[in-house]
Amino acid sequence: MRLNAQAAARSGLRQLGIADHGPAMRWGLGVESLETFETIRRDIRDINEVSGTYRGLSVLLGCEANIIDFEGNLDIPPWLQNDLDVVLAGFHVQIRPRSLTQGMRYLVDRALSGMSSYVAKRERIRNTDVVTAALINNKIDILTHPGLRINIDTAELAKVSVQTGTLLEINCHHDDAMLAFVKVAARCGARFVISSDAHNPDQIGQYERGLEVARKAGLCGEQIMNVIAKGEDPEPKLARFRPSTHLTGSAKKRSDMSKDLHEYK
Ligand SMILES: [Zn+2]
């Protein structure tokens with residue numbers, strides 16, 4: 001945690017979000033159990049309490065939850081969604097699904113969709129329904145890498161994200177089809193965050209690819225919630241993600257924050 005905080009402070013970030021994958025992620029990529037969040041919470045509290053050491057940085061406790069069934073349920077319960085500072089959620093293929101039958105149906109359709117336009121259409125409708133149900137039925141602050149490697153109706157998803165107040169991530173790792181996605185979503189009124197999706201301290205603060213996508217899509221500062229335009233007051237945008245469970249006196253001091261980007265992941 002200290003290495004992450006040091007890297008964030010060095011990059012001039014004002015907030016750093018720590019968002020481990022939820023427990024349904026396979027191959028040891030997710031947290032072992034929900035108790036792990038308590039360990040992370042303690043680490044974060046230690047960092048925030050000596051915030052001066054990290055140039056006023058405040059660290060947020062989050063999770064990148066997994067959508068685990070066709071009904072749009074997540075692998076973290078509602079009480080934890082309310083308890084975290086920021087909830088991210090993603091549609092990942094490499095998870096343990098809640099129902100084996102649904103998991104098999106998903107994988108079979110996915111395999112067949114390249115051969116059958118009928119299956120592809122059915123898969124697209126279902127993917128869209130699943131993700132929009134997740135937004136409606138959960139407290140999701142940020143949807144991660146929307147549409148990445150899944151067939152989805154971007155316009156429909158973006159419209160629902162506006163209704164639920166969910167931000168869509170511009171992911172600096174997975175930018176394959178990001179530009180086309182952002183253009184469509186922005187036309188529907190969606191709002192965004194740019195995330196480095198850092199998986200080690202060296203990657204924290206690396207936003208260039210995401211910024212490039214935002215520039216090419218013609219986004220302005222008001223559409224990206226973790227970018228502050230020159231001269232803009234940062235507080236209204238940041239209020240949504242202010243740490244609630246471990247806010248300390250030192251963490252409140254934001255006046256020495258120097259740069260214009262924040263990190264949520
Ligand atoms: Zn992800």
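In which sense do strand β2 and β3 pair, and over how many bridges? Hi everyone, let's start there. Strand β2, residues 58-66, pairs with β3 in the parallel sense over five bridges. Here, strands are DSSP runs of E with at least two residues, helices are runs of H or I with at least four, and both are numbered from the N terminus. Two strands pair if DSSP finds at least two bridges between them.

A quick word on the model: it is predicted, so local features need pLDDT of at least 70, side-chain atom pairs count only at pLDDT 80 or more, and totals for chains, interfaces and linings use all residues. Residues are numbered from 1 along each chain as its sequence is written, and side-chain values use heavy atoms, leaving out hydrogens and water.

Back to β3. One of its residues, A89, is the bridge partner of A65. On its other pairing, β3 runs parallel to strand β4, residues 142-143, with two bridges joining them; L88 has I142 as its partner in β4.

Is β3 buried or exposed? Five of the five residues in 86-90 are buried, so the strand is largely enclosed by the rest of the structure. Buried means under 20% relative accessible area, exposed over 50%, and partly exposed in between, using a 1.4 Å probe and protein chains only.

Finally, the zinc ion: E64 (OE), H92 (NE2) and H145 (NE2) coordinate it at 2.1 to 2.2 Å. Donors are N, O and S atoms within 2.8 Å of the metal (3.2 Å for Na, K and Ca), and sites may look incomplete because water is not among the atoms. E64 is buried, at 2% relative accessible area, and H145 is buried at 6%.
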